[in-house]
Amino acid sequence: MIMPPILSIMIFLPVVCALMITIIRGEKGDEEIVEKNVKHLSLFGSLFVLAFALFMYVNFDKTSADFQFVEKISWLSAAGLSYHVGVDGISVYFVLLSVVLTPVCILASWNSVKTRVKEYMIAFLILESLMIGTFCALDTVLFYVFFEGVLIPMFLIIGIWGGPRRIYASFKFFLYTLLGSVLMLVALIALYVETGSTDIPALMHTTLDFEFQKWIWLAFFASFAVKMPMWPVHTWLPDAHVEAPTAGSVILAGVLLKMGGYGFLRFSLPMLPQASMYFAPLVLTLSVIAIIYASLVALVQDDMKKLIAYSSVAHMGFVTLGIFSFTEQGIEGAIFQMLSHGIISAALFLCVGVVYDRLHTRDINRYGGLAKNMPNYALVFMIFMLGSVGLPGTSGFVGEFLALVGTYKASTTFAALAATGLVLGAAYMLLLYRKVVFGPQKNKDAAAMEDLTAMEKLVLVPMALLVIYYGVFPSSVTDRVAPSAKSLLRHYEMSHEPLGYNEARLDSAPAGINKEERRSGL
């Protein structure tokens, strides 16, 4: 069967819909009709993209580690650049996450966004196109174009439709991420000069000098660490979340943070294996600090959005722990954790948006006793809260468990320190839930709020079911991820011996081999 160019359709269909929205016009006084048409076209366009993504998912060969649905067209032949896209077990779920959350964002904004609706929907459609392109790109220049392009619509979404300090937050977000990405551009140019190729699959199988690897790794790290974000370059995230509209926070936490982890898996580990091992202790140290520090800061927050933003920093710490454990369980756990966090954190921000639209405040102390007048809201909020805590039976448990198992195999010390984040995570999320949902109803306006509307149920209930489904049937994800994770580790073992860096393994090195040399792979 001849397969259509499924990835190109998914990448460019949102752009086509955005162009169609620009030509929607109406007579004076028909603004409501125009806005309604814009919303429906945006929703139907994103649902069509979701349909194509499900077709891709169903036809994805879960036994293969190779790139699938590959399209390659010469772009700039003189420089060897090409339009090269494809997906494997690592990227397929990030594409799905992008196309699932886009219609969720459109529905979440259906009634809350009342100004410049046309431009708002165009921004989200362009953002969807760029997100899909980032996870599908198999050419370094193409990846950089999509990766950097994401900044523009997100900058506009925060800066135009955000809160009172939106200008400050949008510029902080833009400058932080842009600075790191400039260094990545320098690294990509250096790779091209050194190897003569911009093809990602070819670069993944190219052996580079160790000293050269270290400098390139640091340049990549500057970009991916800010994007995740890792401590101490995380300070842009709470401001961006607090000021962004609800849908902006959903897509920021759900997809954009995952680009950093994806970059480590696509670039750092396969292309720079020796440097990745050399700098692994640094990454693990920063990850543990992020987990503990962000959890402690979350404990004292009064703003619901800030609390969830700091929880995202802590959860991303488990992702980098899993990736740089260099174990199959760790890598699979990191990917699963990113998928799970993408659903749970997005849903938590939607839950904040539900009560914010009614009371127009995110102050935790302004709520209380919502279980009495909003029982349906209390139920779905509980599911997402327990998923964030990592309760067995939810998707949050699987990702954190696998990441910790992989980390334990590499270093018991780092695993033990990271495990404290589970206790702290339970503390701040349960405290948030108790203050908002239980207790006396001190505020009459909070006690008078209505329960979930039909639109809000349409958005939140499927996401709650996904949290439970992936928690009960994690193999539906790991079966597709495993071949690519194993392939990544096989390639790693061929270029670097052995895996792990706890002192027992290092001490077992034959006489005459220095520990530092063993650690760096020399």
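Tutor: The account below takes the cavities in turn. This is a predicted model, in which local features need pLDDT of at least 70 and side-chain atom pairs count only at pLDDT 80 or more, while totals for chains, interfaces and linings use all residues. Residues are numbered from 1 along each chain as its sequence is written, and side-chain values use heavy atoms, with hydrogens and water left out.

The structure holds three cavities of 30 Å³ or more. A cavity here is a set of points, on a 1 Å grid over the protein atoms alone, where a 1.4 Å probe fits but cannot get out, and a lining residue has an atom within 4 Å of a point. Grid points are joined across faces, edges and corners, and a volume is the space filled by probe spheres set on the points.

The largest cavity has a volume of about 80 Å³. Its lining has 14 residues, of which H315, H341, I344, G387 and S388 are the closest to its centre. At least two lining residues come from each of α14 (304-323), α15 (328-359), α17 (375-389) and α18 (395-410), and α15 gives the largest share, six residues. Helices are DSSP runs (H or I, at least four residues) numbered from the N terminus.

Note on methods. On a 1 Å grid over the protein atoms alone, a cavity is a set of points where a 1.4 Å probe fits but cannot get out, and a pocket is an open set with protein on both sides within 12 Å along at least five of seven lines; lining residues have an atom within 4 Å of a point.
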